[in-house]
Amino acid sequence: MTVYLLRRLIQAAGVVLAMSLLVFLGVYAIGDPVEILISPDADQIERERAIRSLGLDLPLWEQYLVFLGKALQGDLGRSFVFNEPALRLILDRMPATLELAVGATVAAIIIGLPLGLYAGLRPDSAVSKAIMAGSILGFSLPTFWVGLMLIMVFAVQLGWLPSTGRGETVEVLGVRWSFLTWNGLSHMILPAINLSLFKISLVIRLTRAGVREAMLMDYVKFARAKGLSPNRVVFVHVFKNILIPVVTVVGLEFGGTIAFSVVTESIFAWPGMGKLIIDSINVLDRPVMVAYLMVIVLMFVVINLVVDITYTVLDPRVRLEGKA
Amino acid sequence: MAGTAHAAAGALLSALVLAPGGARAQQAALTMAVGAPVTSLDPHYHQLSPNNAAASMIFDRLVNTDHQSRMVPGLATEWRVVEPTVWEFKLRPGVRFHNGQEFTADDVAFTIARVPNVPNSPSSFAIYTRPIREVQVVDPLTIRFRTEMPYPLMPMDMSNLFILDRQTHEGAATEDFNGGRAAVGTGPFRVVSHRNGDRIEFERNDAYWGDRPAFARVNYRMITNDAARTAALLAGDVEFIDQVPTSDLAKLRGDQRVALSEATGMRIIFLGLDHMRTDASPFVTDNNGQPLPRNPLKDVRVRRALSLAIDRHAIVDRVMEGAATPSGQYLPAGIYSHVPGLEAPRADPDAARRLLAEAGYPQGFRIQLNGPNDRYINDSRIIQAVGQMWTRIGVRTAVEAQPWPTFIGRAGRQEFSAFLVGWGSNPEGSHPLRNLSATWDRERGWGASNRGRYSNPELDRMIEQALSELDDAKREKILQDAQRLAMEDVAIIPLHIQTNIWAMRRNLAHTARADELTRAQDVRPAAAATSR
Amino acid sequence: MSSTTLGAAPVPAVPPKIETPFHRFVAEFAASPIAVGALVVFAIIALVAILAPWIAPQNPYDLAVLDIMDGRLEPGSVGGTGITHWLGTDDQGRDMLSGIMYGLRISLTVGAGSALIACLVGASLGMLAAYAGGRTDSAIMRLVDLQLSFPAILAALMILAFLGKGILNVVIAIVVVEWAYYARTVRGSALVERRREYIEAAQCLALPTHRVIFRHLLPNCLPPLIVVGTMQIARAIALEATLSFLGLGVPITEPSLGLLIANGYEYMLSGKYWISFYPGIALLVTIVSINLVGDQLRDVLNPRLKK
């Protein structure tokens, strides 16, 4: 197990390295940060000063080596835009995004699992058909559009919930959280739902597919034949079996949610990492882009690890050693 | 509608949350949302409009500008030329920084010295201090700047520099400003807290030397998504927004809960053309898609034809929903060195076709028009509309819109044949002329944004003459002649000047500014509006 | 070889009885009237998309026939060119009905094209990873990690910056972004399946590897793949819309459904609903029909749902 973990960590380091190189090349391909950041009336002398000051006058490989050298000492560079350490900017914004992603995941499971279970157990009922039809809406409507509709209906027309922003926060362990106050929570509801729509649909469909399949399995038939109560059959035998794909996908999607919260965060003015990264992309703030991606990669490696370990717990047929 | 009561309740609630002082707090607190994020509270770190807006709430300049961009006394009460190469500024007595430090000429000297030396600055304010050869503190309330050559733009340059305090800011880094500790100025508001990219909280500086702001507390939020910003206003979550999207104007104008304030801005939207290449231009071809041997855009008749083909009024009316003024020059009316009588060309497709035929292109040619899609108001819609109009005179136009980072990099490398950009001017004709239409020259620092590489020695000579003329009236005349020349030669194709629009709840009033800055000191309860 | 995978899959999975497997497949599919209805709707949509240049009232991509003076006309108005705009016009004076017909072409091409390519690439790699194990598995899965951790929008921005705008480039960008989902899904189920007895039996028979993978392993991994696949077509179309929303998608003068929605979205607050609403409905109907067909396909193709 230790060897396995160690190997995964080394692999993760490789991924991080490749990622940083990709971003360096990518930013280089997209455009020139100075051209975007500099005031349009700045003359050539001022431009050259800015290029030097941001270290962009060096050849690309040299810039990369300088970056690597500093990164090894834990310094991922300073944001071109904010003139603050990029890593700190990201970590400052991380709780907001985590909170939103967790909220969306919880919502997806609370709403998706029971609906999917119902649709799987009674596939021919009208309610199931409605659930399945509804789930299609969840991933066919563009997020930005649904987001605006949510704001228009619940904030502008009905006035039930605040339209944008993070609301009140409470500081716990030096980090600001908003789910601890009603005001903060109410600000979270709309963006969390917006972010979770796709996941709800996914969970519904995976659960339904899993349940339908499991109900036909020999062990379920056997359990029923043995005279176990239907509840026990569903919640112990069937449930355990369908959890694997659901855990995989929800786990994967959690990382995805964090990485893809860009649109939701920008529509709901949610001050998280996704908003930071899209703003940084817009001005080619390379240090923030690189640092952000490295943080995300690490997060993914951890999530995948957790998913893989959960696998073994849920399904002993999958062994970690087998795939190391 | 039932939403109104809820919305009002929401506004009340948010006001209560902001200032837990009870019912009266609603009057004292203001929640506003801006569309462009403030990235730093260091006033010398990044020359950027949103940063300047926040800075102008916290700090003062020697020369402030009023809502029509006219220079008015700031921390300097008067200024004059004492010798052709020496400017003298008399400073305002009795001004104190938020932390109680006294403001003196030494602080100005400190500021001038700090400006070019802010570490890591991606766009510093050094272009405004570079003409200064020597700073001389005459007495605590008098300072002189010596320049190499006579320099008429000194007061205007000073209207761009925010003044810091030597005692407070010696050695202060950008982070210290962003964290709020060093964000200490002489301005009408002091910083309570700052969360990057999210919000800044201000409180009124009751010791301010100038007009007292109407609100004791201000929550300055950043909501970059246009639709979300409008929705936040309609939902009552914020009471004031800037950069109102033109697509929402019709709705907001008809909404009883909302008032608008508008001012003609200083930002010209124009088309740049490839003046650099005499042979084939990259995105110009004949009607069969083969490259043309000569660049037709070098011919002034072709440029005139392209300008005449454009129905600027239709663009303003249909695309901009009225939120712009058609323009035939760099600056709007009412601004120093605007050229009277130089109107926006009226669309004349027939004359345009005749000019094309005269120039040897009776069947027209093909061109690609490039532009950004996320930078200026309706940018990608404007280039499509221009594409329609050019196609109608026989210049078949393909349109490509890209995100700004990609677009501007390519434009800066002269990769395009025709492109749409904008320019936010200082209120002085030499500013757009020198940057957009003067010959590109590294040493002189001219033509910085002359991305089409237009070059006209006669125009350069006139700009040079204007830049050493200290007499405002004479200089204005030279600048007007220079602009006429540039427009006759179609150095750029101006389209329109944007109107700056703000929207607010009915109970508020606002003094709209030409310079696009969104500041809390310009907002007040509507009742007080009549007294001004 | 892999291009035959999907078509070949049902053959071994359905043991032939009296009819041919294909007949049986059709009969099972037709058992659900909803699925048949969806298939018909989808066929109509596909036909409209294919025939758009001949049946649309206007060529919405030709700037010469557009006039901004006809911009934002309400549904049913008659424009300056004499065309009746049954679904109104957008801000450029583009006839919405024509725009939707042409937009369908692009959205379907982008959605189906990218999902198919991503599926082929991803499923092959995922299968390979699960079957080969060891270093191959690690290498592929780390690539998957790399890919999944790269925000789609950032990846697309970079790819589109490299390649320029265009429909093909959008497809490439979406494939690059989406293949990892298929790889991950297939590997997950293949890992479970390859430990099952029938695979071990096949291996004991010394069947060639590709035969074991494509004739035995893959068909049994198909159900989750089809679930993911049909969802990813929808996701690809939605992602294309989001890219267009962020200004990165297809060229603005050749709008897809997504770009039409994104353009019209700005007018929602001011009540000009048709610019965004009708393309939205078209998108919705398309995706719903694809998914209903996909659902039924999954049930029919799933060997384990057979009695």
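## Chain C fold

Along its sequence, chain C runs α-α-α-α-β-β-α-α-α-α-α-α-α-α. That amounts to 12 helices and 2 strands. Helices (H or I, at least four residues) and strands (E, at least two) are DSSP runs, numbered from the N terminus. This is a predicted model: local features need pLDDT of at least 70, side-chain atom pairs count only at pLDDT 80 or more, and totals for chains, interfaces and linings use all residues. Residues are numbered from 1 along each chain as its sequence is written, chains are lettered from A and ligands numbered from 1 in the order in which they are written, and side-chain values use heavy atoms, with hydrogens and water left out.

Of the 307 residues in chain C, 61% are buried. Buried means under 20% relative accessible area, exposed over 50%, and partly exposed in between (1.4 Å probe, protein chains only). Take the chain C contacts (heavy atoms within 4.5 Å) between residues at least 6 apart in sequence: 70% of them join residues at least 24 apart. Chain C exposes about 11300 Å², with 69% of it from carbon and sulfur atoms. Accessible areas come from the Shrake-Rupley method with a 1.4 Å probe; for residues, only the protein chains shown count as cover.

Chains C and A bury about 5400 Å² between them, and carbon and sulfur atoms carry 72% of it. Buried area is the accessible area (1.4 Å probe) that two parts lose on being put together, summed over both. On the chain C side, Arg142(C), Arg184(C) and Met231(C) lose the most area to chain A, together 12% of what that side buries. The contact draws 54 residues from chain C and 58 residues from chain A.

There are 0 salt bridges between the two chains. A salt bridge is a side-chain nitrogen of Lys or Arg within 4 Å of a carboxyl oxygen of Asp or Glu. Several helices of chain C give two or more residues to this side, including helix 6 (134-149), helix 8 (167-193) and helix 10 (209-245). Helix 12 of chain C supplies the largest share, 10 residues.

## Arg195(B)

Arg195(B) sits in strand 8 (residues 189-195) of chain B. Its relative accessible area is 23%, so Arg195(B) is partly exposed. Leaving out residues up to four places away in sequence, Arg195(B) touches Thr169(A) and Arg176(A). Its C-alpha atom is 8.5 Å from that of Asn178(B), 17 residues apart along the chain.
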